[in-house]
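Please open the structure in your viewer and keep the selection panel at hand.

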Number of protein chains: 4
Amino acid sequence: MIEHTVQVRVRYSETDQMAYVYYGNYASYFEVARVEAFRHIGFSYKEMEAAGIMMPVLEMKTKYIKPAKYDDLLSIKVFIKNKPGIRITFEYEVYNEAHTLLTVAETTLVFVSSSTGRPMLPPATFMSYFEKYY
Amino acid sequence: MIEHTVQVRVRYSETDQMAYVYYGNYASYFEVARVEAFRHIGFSYKEMEAAGIMMPVLEMKTKYIKPAKYDDLLSIKVFIKNKPGIRITFEYEVYNEAHTLLTVAETTLVFVSSSTGRPMLPPATFMSYFEKYY
Amino acid sequence: MIEHTVQVRVRYSETDQMAYVYYGNYASYFEVARVEAFRHIGFSYKEMEAAGIMMPVLEMKTKYIKPAKYDDLLSIKVFIKNKPGIRITFEYEVYNEAHTLLTVAETTLVFVSSSTGRPMLPPATFMSYFEKYY
Amino acid sequence: MIEHTVQVRVRYSETDQMAYVYYGNYASYFEVARVEAFRHIGFSYKEMEAAGIMMPVLEMKTKYIKPAKYDDLLSIKVFIKNKPGIRITFEYEVYNEAHTLLTVAETTLVFVSSSTGRPMLPPATFMSYFEKYY
């Protein structure tokens with residue numbers, strides 16, 4: 001499988017008046033983790049999108065165990081446990097600097113052709129980046 | 001049960017370069033729906049929080065069926081199907097103006113004392129607003 | 001001149017841990033005010049963009065006088081004091097329910113062709129909506 | 001004076017359907033630059049806020065010269081040209097990887113006591129971090 005960890009420092013803009021990271025803002029942390037996992041295996045999401053394939057999110061499940069706080073340096077572990085097909089599933093674990101597990105999540109995305117708007121199998125050039133991990 | 005519908009117009013800031021509403025931004029639509037459902041039954045989330053009870057989110061599940069787009073006037077239906085205890089669960093359906101179902105979601109929140117940080121039963125004054133619906 | 005007022009209720013997502021509306025979030029309030037001012041005079045920003053003209057922001061100046069707070073029902077007054085040319089300038093005043101002036105701002109936007117990426121004069125059909133105000 | 005540069009990679013969540021970074025999102029980049037400039041001189045904004053001093057923004061001016069795009073690795077130069085008093089002014093320049101200047105901005109913030117809500121001179125312990133730069 002593919003496993004990768006990224007670090008994200010919590011911005012003031014991401015907090016709310018409860019002094020927690022607002023629950024909707026984790027989605028952008030997960031997006032950063034996905035894109036950096038792709039970059040880690042040699043693959044650019046930006047270039048794929050420029051080539052006419054985009055990856056909208058189909059489903060997200062998040063459990064908020066403990067709050068992330070302002071200025072926390074979060075470690076976001078991302079796992080792609082199964083080889084991508086038309087869909088690709090990412091799992092996430094968010095830790096703070098004390099190694100406390102704050103959040104777990106899962107997202108499923110789909111490969112879509114920008115021109116037709118229809119789901120599609122990712123092209124062979126994309127899949128080649130994934131071959132050795134499965 | 002409690003059922004309420006709110007309308008939210010999609011802002012340009014909420015779109016992404018796919019020309020979809022960014023998947024993380026639905027969380028704020030759901031928050032608006034929750035707060036307005038509370039206001040609808042006579043209850044102010046703001047006042048409850050000022051009185052020392054806050055409601056962090058424990059869990060969110062979202063299915064993205066079709067994209068919401070810029071300037072769409074969304075109808076967000078929110079349901080509280082079970083009487084709240086320490087936890088309260090909200091279900092959501094997001095429709096566009098053509099009555100197409102775009103998104104379904106569920107969030108579970110917990111009542112927490114601001115002073116102790118611990119989960120607590122909502123006070124009787126809060127519960128009284130809910131009595132007649134269950 | 002054109003003058004219009006829109007109301008926006010502050011979302012929890014827009015607060016920060018200072019319990020103020022985060023200073024960057026006013027930009028989306030101003031955007032809502034611009035778009036609704038256009039709708040008020042019979043004109044759709046969405047349709048103009050679909051027709052190949054977009055309006056990026058060139059400049060923004062904001063003075064934060066007093067903080068907006070969670071759940072405030074803000075009134076945003078927007079003024080287009082001069083007839084648009086290649087550029088269009090909007091001025092804003094943000095008030096809370098107690099009619100306290102919270103924020104004043106000014107933004108200048110430019111009409112740009114989506115196909116060429118170059119500034120352009122807005123088309124006559126657009127300008128016709130503005131004629132009677134100047 | 002104090003000068004510092006931070007790098008921020010543009011997130012998908014920060015783009016809009018024009019495929020530009022939404023104009024309101026630069027505010028959070030500037031915030032990151034401020035906080036990291038403070039950390040660079042040995043000073044923690046988070047700790048100052050925990051000690052009862054917060055720094056709301058009084059004024060922001062931004063000129064958008066060229067758009068930042070998705071996945072751009074931005075360099076944000078921040079300058080504190082004058083020694084802070086009750087107010088502190090930051091200037092910013094945002095560059096992309098091709099060293100093109102995209103945005104210039106200026107923000108003025110004020111030191112405020114969390115308990116009284118009133119402007120105050122920053123404490124001597126804070127000022128000591130700044131002494132050697134002016």
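This is a predicted model: local features need pLDDT of at least 70, side-chain atom pairs count only at pLDDT 80 or more; totals for chains, interfaces and linings use all residues.

**A helix and its surroundings**

Because an α-helix has 3.6 residues a turn, residues three or four places apart point the same way. H1(C) runs over residues 26-40, which makes 15 residues. From first C-alpha to last, H1(C) reaches 21 Å, close to the 21 Å expected at 1.5 Å a residue.

**Where chain C touches chain D**

Now show chains C and D together. Here, 18 residues of chain C are in contact with 18 residues of chain D. On the side of chain C that touches chain D, H1 and S3 of chain C are the elements that give two or more residues. S3(C) provides the largest share, eight residues. By class, this side of chain C has eleven nonpolar, four polar and three charged residues.

Select S3(C) with strand S3 (residues 57-64) of chain D: the two pair in the antiparallel sense over five bridges. Which residue of S3(D) is the bridge partner of C:Glu59? Select D:Lys63 to see that partner.

Finally, turn to chains A and B. A rotation of 180° with 0.0 Å of shift along its axis superposes chain A on chain B, with an RMSD of 0.0 Å. The two copies are therefore related as by a two-fold rotation axis. Select A:Lys61, the residue of chain A that comes closest to the rotation axis, at 2.2 Å (C-alpha).

Note on methods:
Residues are numbered from 1 along each chain as its sequence is written. Chains are lettered from A and ligands numbered from 1 in the order in which they are written. Copies are superposed by least squares on the C-alpha atoms of residues with pLDDT of at least 70 in both. Helices (H or I, at least four residues) and strands (E, at least two) are DSSP runs, numbered from the N terminus. The expected span of a helix is 1.5 Å times one less than its number of residues. Two residues are in contact if their C-beta atoms, placed from the backbone, lie within 7 Å. Ala, Val, Leu, Ile, Met, Phe, Trp, Tyr, Cys and Pro count as nonpolar, Asp, Glu, Lys and Arg as charged, and the others, Gly among them, as polar. Two strands pair if DSSP finds at least two bridges between them.
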